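Student: I would like to learn how to read cross-links, cores and charge pairs in a model. Can we work through an example?

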Amino acid sequence: MGSTRHSSKRLGAPLAFLLGALLSGSAARAQDASTPDPHPPEPATQAATPAPAPTSPAPAAPVEPEITHCGDTQVGTGEGMLRPLGQGFYADGRRVRRGCTLLLQRPLKNRPPVPFAPDSFRPIGCGFFRYATSIYWGRPLSEEDHVNEPTGQRADVLTRVDLADAETFEVDADCRPRDARFFYLNHTERPELPAFAGVPRGDGQGYEELGCGFVRYEGRIFFGARLVEGVHAASFTPVLGRLPYMECGAGMYGKDKSKVWWQHVLLRGAKAKTFRVPKDENPEFRIACNGRRSFQLDAVDKKPNPLCRGAKKPVKKRGK
């Protein structure tokens, strides 16, 4: 570790292209002083020319409209009222709501979701907020990230942006997130991709793009900006190799010396040694094989897929 890993040869083609677009924009003007432009624009021209938008534009800012009440509970500063926190977030006693929707943080393993404490909650803008020493996106990342309140109303379970540096995290005027180490590409409207993908700024010290959305950073493995837990980082590799994540379809499988993951989800019972993704007759690389067992995304098939049964050995004919 410690070596510089983020040259365009190491980044997949899409990320290398996106990095070039980002570095040409206003978000990167204070960056990369080690490679000065031989023909810098005149100050007046630079101020008059709008910065190009990134290749992957950020979705529209998901800020809730201002509300005046939720059911019988009014918005205000009095006791028992919903206290505005800014940008569509409200304190409801010791809990936080986005509009009228209760927000919960993803728990530790095998623990139920828990509320956010208003005292540690700081909206940043464009749907992001800082909570204690972490950064969160204010929307659920999948259809499974919901639970029901005792009243029957739906609560959203939010996932931390693990790669983000909370102290320096910010968004620019176009809602493009960044911190001191990374620009973040927002793919939250495309569930087949990593929700957020980090593009290193500066020299990318300690960063290595492995392929299919997986990166190694400071001795840990991330899928996009989400930590992959329980992994042996030194032996981890994507099953499809160093493909850019735009080319991996649904085949976001990775493995270490003994275990296998789909995206950040551990595939229980899968053995790394025999795990493979067939490339023929497997659209989007959705199906993976482990011996004669088959997986599709993060679930094992009850009945093995024919792709994983292997070719039948030809029957030898007896000579006359």
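Student: Which handedness has the link of Cys289 and Cys308?

Tutor: Keep in mind that this model is predicted. Handedness is read from the torsion about the S-S bond. The link of Cys289 and Cys308 is left-handed, with -80 degrees about that bond. The pair links distant parts of the chain. Cys289 is in strand S26 (residues 287-290), and Cys308 is in the segment after strand S28 (299-300), 19 residues apart.

Student: Are Cys289 and Cys308 buried or exposed?

Tutor: A residue counts as buried under 20% relative accessible area. Cys289 has 0%, so Cys289 is buried. Cys308 has 3%, so Cys308 is buried too.

Student: How many disulfides does the count come to?

Tutor: The count comes to four disulfides. Number the bonded cysteines along the chain, and the pattern is 1-2, 3-4, 5-6, 7-8.

Student: What does the disulfide of Cys70 and Cys100 tie together?

Tutor: Start with the bond: the sulfur atoms of Cys70 and Cys100 are 2.0 Å apart. The torsion is about -100 degrees, so this disulfide is left-handed. Now place the ends. Cys70 lies in strand S1 (residues 69-70), and Cys100 lies in the loop between strand S5 (95-98) and strand S6 (101-105), so the pair ties together parts that are 30 residues apart in sequence. Cys70, at 15% relative accessibility, counts as buried. Cys100, at 32%, counts as partly exposed.

Student: Where do Cys126 and Cys175 lie?

Tutor: These two cysteines form a disulfide, with their sulfur atoms 2.0 Å apart. Its torsion is about -75 degrees, so the link is left-handed. Cys126 lies in the loop between strand S8 (121-125) and strand S9 (128-131). Cys175 lies in the loop between strand S13 (170-171) and strand S14 (177-178). The pair thus ties together parts 49 residues apart in sequence. Both Cys126 and Cys175 are buried.

Student: Next, cores. Which residues have the most contacts inside the largest nonpolar core?

Tutor: A core is read from its members and the elements that supply them. The largest nonpolar core here has 32 residues, and Phe214, Ile221, Leu267 and Phe275 have the most contacts inside it. Strands S15 (182-186), S16 (196-200), S19 (220-223) and S23 (260-262) each supply at least two residues of this core. S23 gives the most, with three residues.

Student: What does Phe214 touch?

Tutor: Leave out residues up to four places away in sequence. Phe214 then touches several residues, among them Ile221, Phe222, Phe236, Met252 and Tyr253. A second, separate core has 20 residues, including Trp137, Ala164, Cys175 and Tyr184.

Student: Last, charge pairs. How many salt bridges does the count come to?

Tutor: The count comes to 14 salt bridges. One of them joins Asp145 to Arg106, with the closest N and O atoms 2.4 Å apart. Asp145 is in the loop between strand S10 (134-137) and strand S11 (146-148). Arg106 is in the loop between S6 and strand S7 (114-115), and the two residues are 39 residues apart. Asp145 counts as buried at 7% relative accessibility. Arg106 counts as partly exposed at 32%.

Student: What are the accessibilities of Arg178 and Glu170?

Tutor: Arg178 forms a salt bridge with Glu170, the closest N and O atoms being 3.0 Å apart. At 16% relative accessibility, Arg178 counts as buried. Glu170, at 37%, counts as partly exposed.

Conventions: Residues are numbered from 1 along each chain as its sequence is written. This is a predicted model: local features need pLDDT of at least 70, side-chain atom pairs count only at pLDDT 80 or more; totals for chains, interfaces and linings use all residues. Side-chain values use heavy atoms; hydrogens and water are left out. A disulfide is a pair of cysteine sulfur atoms within 2.5 Å. Helices (H or I, at least four residues) and strands (E, at least two) are DSSP runs, numbered from the N terminus. Buried means under 20% relative accessible area, exposed over 50%, partly exposed in between (1.4 Å probe, protein chains only). A nonpolar core is a set of buried Ala, Val, Leu, Ile, Met, Phe, Trp, Tyr and Cys residues joined through side-chain atoms within 4.5 Å. Contact means heavy atoms within 4.5 Å. A salt bridge is a side-chain nitrogen of Lys or Arg within 4 Å of a carboxyl oxygen of Asp or Glu.
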